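Have the viewer open as you read.

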Amino acid sequence: MKINGIDVFYCDTPFKNGYHSPHIFRMRAESIIINIKFDNDISGYGESTPRAYVTGETLESVAAVVRDHFSLLLLGREVTSVNDIEKILYALEDKCRENNISSYLSALGAVDIALLDGLSKSLEMPLSSLLGPVVRENITYTFPIPLLSVGAIREISKYLTGTGISSIKVLMGKSVTENMERLELIRHIFGSNMEISIEANGKWTYQQAIDNLNKLKEFNIVAVEQPVHSSDLGGLKKIREITGIPVIVDESMCTLSDAELLIDSGACDILNIKISKCGGLLKSKKIADFALSKGVCFQLGTHVGETDILDRAGQNLALVSPNIIHFEGFSSLLFENVRDENNLMKEVSGQNSSEAARSGINIVNQSLKMIHSFNL
């Protein structure tokens, strides 16, 4: 099949409630949606959720890269296999390097997902089968709890009733006292059997990390995510050694070379792979495979506000990954009337993980604004 059209959209679907993290307070999704159209009337959908503090990209830069550099290379290309897709992605990367563009991973990831989605639909097979053999039927989810009020946290806890979820991740501030109060509340609400990890988004200094973790140990936290700045590999390593608490890296790891450096230097225990920041499914799978070869597990993370497109893509990667421990596939809960909550809760509990992933990727009730359209 041949690529004969590309549509680029801005997605600004509002949230039910704002999401407060150490980086920013978000009230709506911030995504670029790509629809790659083929000459057999099949459309493949991809999504980019750029974060300037992670890959250096913005909504504007992603749209510009697709418009000015990707579109001409994509139009007219034949896609009949994963090998074809890999060649296209290499060509797109080369184009960026030729033009001295270093921040392009999230834009590339959207194209990767759209091409794989289109190919899987053309071959009438699950997207997961293009990535590798399925090794699980169910997915274990973790639920991230943002910096919210007590009442809002109690409201979130109602969503989890009956899902069977056994893990949550709690965002932390800088104050040791406030963080202790927060975890005490979480423990009271969710009980002693709930697995709890914490996330600092790289906002702690090394000393703040040590002070916090020495106090927060009493709440039986199983891991800390990005306790210090992404570039502080020495600090990450010392935190592991001094506290004995497993370290998850997020902002520190976007590429395979990042993963190799972090693991080989002993700076982490677990990787947080996010499909958008890592350049798509194929690059994410290579990172996951490398981690597996080193006996390292990974968490499949999501950027706040990802739509159903990245959620479905993540499910497909999770199904073929032996070393995944958790999947943060909960952005759909943030949106107003995106999916039926009863069906979503079944999916969260793992009952429909494989069926959902095999259903394909489509735009589901999102607010979209056309930015660009390219056709042969």
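**The sheet**

Strand β4 (residues 31-38) runs antiparallel to β5, and six bridges join the two. One of those contacts pairs Ile33 with Glu47 of β5. Strands here are DSSP runs (E, at least two residues), helices are H or I runs of at least four, and both are numbered from the N terminus; two strands pair if DSSP finds at least two bridges between them.

Zooming out, β5-β4-β1-β14 is the order of an open, antiparallel sheet of four strands. Its edges are β5 (43-48) and β14 (368-375), each pairing on one side only.

A word on provenance: this is a predicted model, where local features need pLDDT of at least 70, side-chain atom pairs count only at pLDDT 80 or more, and totals for chains, interfaces and linings use all residues. Residues are numbered from 1 along each chain as its sequence is written, and side-chain values use heavy atoms, with hydrogens and water left out.

**The cavity**

The largest cavity has a volume of about 90 Å³. On a 1 Å grid over the protein atoms alone, a cavity is a set of points where a 1.4 Å probe fits but cannot get out, and lining residues have an atom within 4 Å of a point. Grid points are joined across faces, edges and corners, and the volume is the space filled by probe spheres set on the points.

Its lining includes Glu86, Tyr90, Glu93 and Lys283. Helix α2 gives the most, with four residues, while α2 and α10 each supply at least two.

Technical notes:
On a 1 Å grid over the protein atoms alone, a cavity is a set of points where a 1.4 Å probe fits but cannot get out, and a pocket is an open set with protein on both sides within 12 Å along at least five of seven lines; lining residues have an atom within 4 Å of a point.
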